[in-house]
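Subject: Structure for you to look over

Dear colleague,

Please keep it open beside the text as you read.

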Amino acid sequence: MSPTPAPLPRAGHEPTHRVRARHTATTVTVYQAYPPEIGLPAARDGRFPAAWKRDRMTWIKPSFLWMMYRSGWGTKQGQETVLAVEITREGFEWALRRACLSHYERGLHPDRATWQRELRRAPARVQWDPERDLRLAPLPYRSLQLGLAGEAAELYADRWTVSVRDMTGLAHDIHALVRAGDLPGAERLLPAEAPYPEAEGLLDRVRT
């Protein structure tokens, strides 16, 4: 059984860059959205089907609400099936330690050319985008997006994935409550997310 996470701090006290996720001692849950021909077989079989392209970059999001923002609550074309993918913490941290920021950051990178070389070599990349509230409005702190390519994408699909669940029904239920103005009811249905335990140096390459 998953441990009960500690409540998140109020937005005004939340660090700008911190990973918040549903996690256990050995796994972390990330979200993606796919068309039904990929999402439904993935949820049924607990692994991605042959149609899932391992040679393309895939973006995983630990934030359920950021995924709702990106997919329009699972209504945008090609994103109709919302998946919760439980992966190993070992794999998640492997990717973070080898990731490069998706943009050049003065003070973090020696120069733009160095950043571009690191980006080309890195098997993963990180973006920090504004976290979202139930109305999908931006919050003053950031949500992690982790892009996986090459070796990282193959490891994600073939070794790190522990389970795949279809969250589309839950997404639609929460959205219906939001549209009805029942924000407390919608919040009660949200997957519980808590600060991810950050080992020393885990985000050193990607925290701005």
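**Residues with positive phi**

Leu136 is found in the loop that links β6 (124-132) to β7 (138-148), where helices (H or I, at least four residues) and strands (E, at least two) are DSSP runs numbered from the N terminus. Before going further, please note that this is a predicted model, in which local features need pLDDT of at least 70, side-chain atom pairs count only at pLDDT 80 or more, and totals for chains, interfaces and linings use all residues. Residues are numbered from 1 along each chain as its sequence is written, and side-chain values use heavy atoms, with hydrogens and water left out.

Leu136 has a positive phi of about 65 degrees although it is not a glycine, and at 16% relative accessibility Leu136 counts as buried, a word that here means under 20% relative accessible area, with exposed meaning over 50% and partly exposed in between (1.4 Å probe, protein chains only). As background, most residues other than glycine have a negative phi. Trp73, in the loop between α2 and β4, also has a positive phi, near 60 degrees, and Trp73 counts as buried because its relative accessibility is 5%.

**The five-stranded sheet**

An open sheet of five strands has the order β8-β4-β2-β1-β9, and its pairing is antiparallel; two strands are said to pair if DSSP finds at least two bridges between them. At the edges are β8 (161-166) and β9 (194-195), each of which pairs on one side only. Strand β1 (residues 20-23) pairs with β9 in the antiparallel sense over two bridges, with Arg20 opposite Pro195 and Ala21 opposite Ala194. Two bridges also join β1 to β2, again in the antiparallel sense, and His23 has Val28 in β2 as its bridge partner. These two strands, β1 and β2, form a hairpin with three residues between them.

Two helices lie across strands of this sheet. Helix α1 (residues 36-45) lies across β2 (27-34), β4 (81-88) and β8, and runs at about 45 degrees to β4; axes are lines fitted to C-alpha atoms, for helices over the stretch in contact, and angles run from 0 to 180 degrees between N-to-C directions. The buried residues of α1 are Ile38, Gly39, Pro41 and Ala42, and they pack against β2, β4 and β8, contact meaning heavy atoms within 4.5 Å. Helix α3 (residues 89-97) lies across β1, β2 and β4, at about 95 degrees to β4.

**The four-stranded sheet**

A further open sheet has four strands in the order β3-β7-β6-β5, with mixed pairing. Its edges are β3 and β5 (99-101), each with a single partner strand, so one side of each is left without a neighbour in the sheet. Neighbouring strands of this sheet are turned by 40 degrees against each other on average, direction ignored. Strands β5 and β6 run parallel and are joined by three bridges, with Ala99 standing opposite Ala124 in β6. Helix α2 packs on this sheet, touching β6 and β7, and its direction makes about 90 degrees with that of β6. Helix α3 packs on the sheet as well, touching β5, β6 and β7, and makes about 95 degrees with the direction of β7.

**A buried helix face and a buried loop residue**

In helix α5 (residues 151-160), the residues Ala152, Ala153, Leu155, Tyr156, Ala157 and Trp160 are buried, and what covers them includes β2, β3, β4, α3, β7 and β8. Gln79, in the loop between α2 (64-71) and β4, counts as buried because its relative accessibility is 12%. Leaving aside residues up to four places away in sequence, Gln79 touches Ala33, Tyr34, Pro35, Met67, Arg70, Ser71 and Gly74.

**The second largest pocket**The second largest pocket has a volume of about 400 Å³. On a 1 Å grid over the protein atoms alone, a pocket is an open set of points where a 1.4 Å probe fits, with protein on both sides within 12 Å along at least five of seven lines, and lining residues have an atom within 4 Å of a point; the volume is the space filled by probe spheres set on the points, which are joined across faces, edges and corners. Of the 17 residues that line the second largest pocket, Ala33, Tyr34, Arg56, Met57 and Thr58 lie nearest its centre. The elements giving two or more residues to this lining are β2, β3 (58-60) and α2, and the largest share, three residues, comes from β2.

With kind regards
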